[in-house]
Amino acid sequence: MASHAADAHGGHAPTSSGKYIQIAVILFTLTALEVLLYELCYGSLKGAGMATALSPWFVELLLGLSALKFWFVAMFYMHLKQDIKILSWVFAFSLVIAVVVIVALFILFAYTRGLFWAGVPW
Amino acid sequence: MSSATLAHDEAHEGHHTSLPIDNRKLAIWTFIGSECLFFATLISTFLIYKDNHPKGPGPKEIFEVGLVTAGTAVLLFSSFFVVMALNGAQEGNRKKMLGWLAATIFCGLFFLGMQVYEFNHFYHEGLGYTTNLFGTSFYTLTGFHGTHVAIGTLWLITVFKDAVKGNLPPAKALNLELAALYWHFVDVVWIIIFPVVYLMSLRS
């Protein structure tokens, strides 16, 4: 019976609406933080409050916030947390290759332009 | 074993592998994996060429944070809506499923409308596809993402049509889950594009 229920839900137990709402609130908060970070560092709030302290870490903070959003969507909305592990491995393996492709392209372009290391485009 | 029993067993196991999941689900995840590589090359190409605009406008002259933030919020809303629709499908609550699914489709259409407006606005500001390398890599990346949104919206419309006809009982909720997985992937790509392409390009 339990396995039939799991079959109907694509191999994992159904998630409650409340959990989905919690994740939505987290995702919107993280997006608001991204925009606030931009506004503080380079936008209309430039120079206000913690802007000077945050500016040197703008790229790292932004990438961290989007990685967190990515993780929440993949784990809870795409159900990787509940699904069988092989799906997580398929996705993780692709992400590792994707990162290798990005790094390889940066190095290749920087090298062919004679800008090795100094030309990494951040 | 009678031939009727065999036929029934074959039909029942038609979508199953030796793994305890439907093979269509494994297929969509493998496809999503290949799409990660596709978007990785487009995003890195944009990052390499984003400062290459000797003629025509660059990111700081044309990007509008407000409009893109609205588009991002709409895509995030749509991801939430589609899991609520899936929840309805799994519970056998047809009304809930149809309502949330319609809202998701509306969000997809809204996002596409926003992108058409944005492209049109940029074009009139002087940024054509071949104006500079920034424009080429920007339109290629966001254009391909928009195409994925359009395909996802069409897929959701077909699922919606099925649900209206009553062909999506809880036992077939996986049909909606597959479309939802693709839709979430499209959202996840935008989660990367929004800060990397828009916010980072706007900094001085």
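The largest pocket of this predicted model is lined by 22 residues. F70(A), V99(A), I102(A), I43(B) and I192(B) lie nearest its centre. A pocket is an open set of points on a 1 Å grid over the protein atoms alone, where a 1.4 Å probe fits, with protein on both sides within 12 Å along at least five of seven lines; lining residues have an atom within 4 Å of a point. The volume is about 530 Å³, taken as the space filled by probe spheres set on the points. The lining comprises 20 nonpolar, 1 polar and 1 charged residues. At least two lining residues each come from helix 4 (58-77) and helix 5 (85-112) of chain A and from helix 2 (23-49) and helix 7 (173-202) of chain B. Domain 1 (1-82) and domain 2 (84-122) of chain A both contribute to the lining, so the pocket lies between them.

Chain B places 53 residues in contact (heavy atoms within 4.5 Å) with 52 residues of chain A. The two chains bury about 4600 Å² between them, 77% of it on carbon and sulfur atoms. Buried area is the accessible area (1.4 Å probe) lost on being put together, summed over both parts. W29(B), I48(B) and R203(B) supply 15% of the area that chain B buries against chain A, more than any other three residues.

The model scores ipTM 0.85 and pTM 0.87. Mean pLDDT (predictor's confidence in each residue, from 0 to 100) is 89 for chain B, with 91% of its residues at 70 or more.

Residues are numbered from 1 along each chain as its sequence is written, and chains are lettered from A and ligands numbered from 1 in written order. Local features need pLDDT of at least 70, side-chain atom pairs count only at pLDDT 80 or more, and totals for chains, interfaces and linings use all residues, while side-chain values use heavy atoms, without hydrogens and water.

Note on methods:
Helices (H or I, at least four residues) and strands (E, at least two) are DSSP runs, numbered from the N terminus. Ala, Val, Leu, Ile, Met, Phe, Trp, Tyr, Cys and Pro count as nonpolar, Asp, Glu, Lys and Arg as charged, and the others, Gly among them, as polar. Domain bounds come from an automatic or database domain assignment.
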